[in-house]
Amino acid sequence: MKSITACTMDCPDSCSLLVWKDTKGSIQIRGNPDHPFTAGFCCAKIRKLPLRLKSPHRIVHPMVRHKGDWKVISWDEALDICATKINALRKEPSSILHFHGEGAKGVLKQANKLFFSILGASRTKGSLCDAAGFIATLMDCGSRFSNDIEDLLNARQIINWGKDLDRSSVHTAALVRKAQKRGARMLTIAPYMHEGRADADSHIRIRPGTDRFLAAAVIQLLIQQDLIPKNIVARTNHWDAFCREIFSYTLKEIGDVCQVRREDIDHLFDFYVHNGPAATIVGTGLQRYLYGGENVRFINALTLLSGNLGCSGGGFYFHEHALTSLNYDWASSIARSARRALPMPMIGQVLRETDTPPISMVWVNGSNFVNQAADSINTARSFEQVPFKVVVDAFMTDTAQRADLFLPSTLMLEQEDIVASYLHHYVHYVEPVFKAPGEAKSDFWILRELGKRLTPPIVLDDKETYFRSSLDTPYLNISLEELKAAKFVRTKRERLAYQDLIFDHPDGKYRLPKALHAEPDPPEEFPFRLLSLIRKEAMHSQILPEDHKLPIDVWVSSDNTVLKEMAPEDKVWLVSILGRVLVQLHTLEGLHPKVVLARRGTWMKLGGGLNQLVEATLSDIGNGAPFYSQYVRLEKTQNHKGGAKE
């Protein structure tokens, strides 16, 4: 019998899934053919899920660290240990840090935040993913909405600013190809051009991190040719300051900054101005720089000023705010401002230096932050120094191996929930398909049981109460029972964002950026930008141990200067100011000559972990993580010259 459920991975596509066991007892998963967006197919990450569920490396019993080793214990023992530690810290609840990751999405995952907000624990702010672009769009529009993603089919021109469609959103890729068959053209702007670009009709290879300048160049042409309607300008604030920044560089200077030709600027201008409407897809990668938020803001401004916002076939697509499709007021009942908030990208420094009061306990769910945050070695050391650490996970990750208490979690297909997408306008009921192995429990069960043991107790309602509360929104008109029967429902959200150019700031106007910051030059010793990009078959560090390819593969362009000293397939050192990692060198046609490209997520404990080379800093806005501002060099293994901490 086939079950209908939904994907809860941290992925925009949020697929409706058919799941069943074949005659041999093997788990089969495919996209639901009856779902209007999923349309019968899903990504490679989903197809790998059965191996994660059945992996021999999966941990399914609670464990406590005992004399330097792990000891299996009962749930009663595990929860009593937690309760004793928390009760001892109740007078200083901010000495407890809750690190909530997005390893899984859903309504009940928000109960983690509710529990620790009631407790008064410290929380993190910002993110390791899309914080800079998220806040950039909020600053511009006062909210974060896009046209219905299926409106891409009405675009005549599609500008893809750096999104690897085939790895990060296979359904957006399918929509783009369908639009192309209807006559649309797609231009991709990125530091490299190869597979994973959904068959772009043309490309502009840009210097990494300089997208804001390329957008500014086209806006300069729009102003010079008097192509911005006065009614659009009237819907903005900061116009004069914005124009001063736009004209603070000549087109020639902008071309030099971006390392693009004048004909590239003209080509992009043509896409935004002629034969429209033009839709803009904004990749998350371009906001993972020091001025990542500014990159997004200038691209958004170009979309508006070229007349492609608020109309069918136009708009900009970043990540929508999925929470607007559901009601999470129940999860934010305690004012966020009343709790200490510490920047997530600086987690190693936070754990080491916070002293008012110091962090005495960390609870981690949905995250392998030791691996995923920057400066991983120092992050690991700081985490190890915290007196008591709880990790809720299914595998012994780089983070989990440093915990004092390991609580085994259920995985997707084993837990009930409701999930909304941050790409499309559907809400799904997530039906549990399989019984969890061993003693694995959901995060919700764990916290509900833990809350009963506290003094005073923290009482979480039953899950159906939270499900019903989440559906109580103007965007939905469906009961929990109806959603369970239907499996999914389309929200009543507007298909077009910001029609009539009415924005969600108090005055209804768009906010233009008032600064265009210079892009810093690379250090002399480290000439290459490190881009650690998304994988096709795994979500971030959710890689099974047997699937790790080590040494880590890295790619450089065929005209990269390092190839004068080393050859493709050589094992070499990848070096930053923080350290070095052994990698295997390959070449990739179309890659920018000042880039070293790798795929993220390999575990340090297995010999990987590229984030140990990345300095922990913050993006310009949003407390984001500017991973791609890191510079590196490559060295022969027999000729390591130092300059990095060992």
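Predicted model: local features only at pLDDT ≥ 70, side-chain atom pairs only at ≥ 80, totals over all residues.
Me: What rules out a bond for Cys129?
Reply: The cut-off is again 2.5 Å. From the sulfur of Cys129 to the closest cysteine sulfur, in Cys11, the distance is 11 Å, which is too far for a bond. A search of the whole structure finds zero disulfides.

Me: Why is Cys15 called buried?
Reply: Buried means under 20% relative accessible area. Cys15 has 6% relative accessibility, so Cys15 counts as buried.

Me: Why is Cys129 called partly exposed?
Reply: Partly exposed covers the range between the limit for buried, under 20%, and the limit for exposed, over 50%. Cys129 has a relative accessible area of 24%, so it is partly exposed.

Me: What makes strands S6 and S7 a pair?
Reply: Two strands need at least two bridges between them. S6 (residues 96-100) and S7 (residues 122-125) have two bridges, in the parallel sense. His98 has Arg123 in S7 as its bridge partner. Between these strands the chain passes through helix H4 (residues 110-119), and this β-α-β crossover is right-handed.

Me: What other strand pairs with S7 in the parallel sense?
Reply: Strand S14 (residues 341-343) does, over three bridges, where at least two are required. Here Arg123 has Ala341 in S14 as its bridge partner.

Me: What makes S24 and S27 a pair, and in which sense do they run?
Reply: Strand S24 (residues 571-576) and strand S27 (residues 631-636) share four bridges in the antiparallel sense, against a requirement of at least two.

Me: Why are S18 and S20 called edge strands?
Reply: The open sheet has three strands in the order S18-S19-S20, with antiparallel pairing. Strand S18 (417-420) and strand S20 (488-490) each have a single partner strand, so one side of each has no neighbour in the sheet. Strand S19 (residues 426-430) pairs with S20 over three bridges, and His428 has Phe488 in S20 as its bridge partner.

Me: Why is the pair of Trp239 and Phe242 called tilted?
Reply: Ring planes under 30 degrees apart count as stacked, over 60 as edge-to-face, and the rest as tilted. The planes of Trp239 and Phe242 are at 40 degrees and the ring centres are 6.0 Å apart, so the pair is tilted. The two residues are three places apart in helix H10, which means about one helical turn separates them. Both Trp239 and Phe242 are buried.

Me: Which parts of the structure cover the buried residues of H10?
Reply: The cover includes helix H8 (211-224), helix H9 (230-233), strand S11 (236-237) and helix H13 (292-305). The buried residues of helix H10 (residues 239-246) are Trp239, Ala241, Phe242, Cys243 and Ile246.

Me: Why is the pair of Phe444 and Tyr466 called edge-to-face?
Reply: The planes must be over 60 degrees apart. For Phe444 and Tyr466 they are at 90 degrees, with ring centres 6.0 Å apart, so the pair is edge-to-face. Phe444 lies in helix H17 (residues 443-453) and Tyr466 in helix H18 (residues 463-471), 22 residues apart. Phe444 is buried at a relative accessible area of 8%, and Tyr466 is buried at 4%.

Me: What makes Ala39 and Lys487 stand out?
Reply: Most residues other than glycine have a negative phi. Ala39 is not a glycine, yet its phi is positive, about 55 degrees. Lys487 is not a glycine either, and its phi is positive, about 80 degrees. Ala39 is partly exposed, with a relative accessible area of 43%, while Lys487 counts as buried at 16% relative accessibility.

How values were computed: Residues numbered from 1 in each chain as written. Heavy atoms only, no water. Buried < 20%, exposed > 50% of the residue type's maximum accessible area, 1.4 Å probe, protein only. Right-handed = clockwise from strand over helix to strand, strands pointing away. Contact = heavy atoms within 4.5 Å. Phe/Tyr/Trp six-rings, centres within 6.5 Å; stacked < 30°, edge-to-face > 60°.
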